[in-house]
Amino acid sequence: ACRVFALDPSGVVPVTTAALTQRAPRPLKGGLRIDRVLALLRTELCSPEAGLRAMREALAAAPAWLLR
């Protein structure tokens, strides 16, 4: 994300789940199975980087009042 948006990555600091001290336990390895939705979609999913690039382009084209 930092590379796509030309941001300084030094501000991104990794944090362990334990350090968040959340009330409810969280799985360490969570994910989504998307095989069923892929069978239903008529649109191909893009990679995370391609999605971030599309977001960057949409933000650049958005009117200023929308980004406040």
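R3 sits in the segment before α1. The model is predicted. From that segment, R3 forms a salt bridge with E49, a residue of helix α2. The chain as a whole has two helices and zero strands. Its radius of gyration is 17 Å, whereas a compact globule of 68 residues would have one near 11 Å.

**Overall build**

- Along the principal axes, the C-alpha atoms fill a box of roughly 40 × 40 × 25 Å.
- Of the 68 residues, 6% count as buried. The cut-off for buried is under 20% relative accessible area.
- The chain exposes about 6,700 Å². Carbon and sulfur atoms supply 61% of that area.

**Charge and salt bridges**

- The chain carries 10 positive and 5 negative side chains. The centres of these two sets lie 10 Å apart.
- Side chains of opposite charge can pair when their charged atoms come close.
- A search of the whole structure finds three salt bridges.
- One of them joins R33 to D35, with the closest N and O atoms 3.5 Å apart.
- R33 is exposed, because its relative accessibility is 73% and the exposed class begins over 50%.
- D35, at 45% relative accessibility, counts as partly exposed.

- In the salt bridge between R3 and E49, the closest N and O atoms are 3.0 Å apart. This pair links distant parts of the chain, with R3 in the segment before α1 and E49 in helix α2, 46 residues apart.
- R53 also forms a salt bridge with E49, and here the closest N and O atoms are 3.5 Å apart. R53 and E49 are four residues apart in helix α2, so about one helical turn separates them. Salt bridges that share partners join R3, E49 and R53 into one network.
- The C-alpha atoms of R3 and R53 are separated by 10.0 Å. Along the chain, R3 and R53 are 50 residues apart.
- R3 is exposed, with 65% relative accessibility.
- E49 is partly exposed at 33%.
- R53 is partly exposed at 35%.

**Nonpolar surface**

- L32, I34, V37, L38, L41 and L45 make a nonpolar surface patch of about 550 Å².
- L41 counts as partly exposed because its relative accessibility is 37%. That value can be read against the patch rule, which takes residues with over 30% relative accessible area.

Notes: Residues are numbered from 1 along each chain as its sequence is written. This is a predicted model: local features need pLDDT of at least 70, side-chain atom pairs count only at pLDDT 80 or more; totals for chains, interfaces and linings use all residues. Side-chain values use heavy atoms; hydrogens and water are left out. Patches are made of residues with over 30% relative accessible area and no salt bridge: like charges are joined within 9 Å, nonpolar side chains (Val, Leu, Ile, Met, Phe, Trp, Tyr) within 5 Å. Accessible areas come from the Shrake-Rupley method with a 1.4 Å probe; for residues, only the protein chains shown count as cover. A salt bridge is a side-chain nitrogen of Lys or Arg within 4 Å of a carboxyl oxygen of Asp or Glu. Buried means under 20% relative accessible area, exposed over 50%, partly exposed in between (1.4 Å probe, protein chains only). The radius of gyration is taken over C-alpha atoms; the globule rule is 2.2 Å times the number of residues to the power 0.38. Lys and Arg count as positive and Asp and Glu as negative; His and the chain ends are not counted. The place of a charge is taken as NZ of Lys, CZ of Arg, CG of Asp or CD of Glu.
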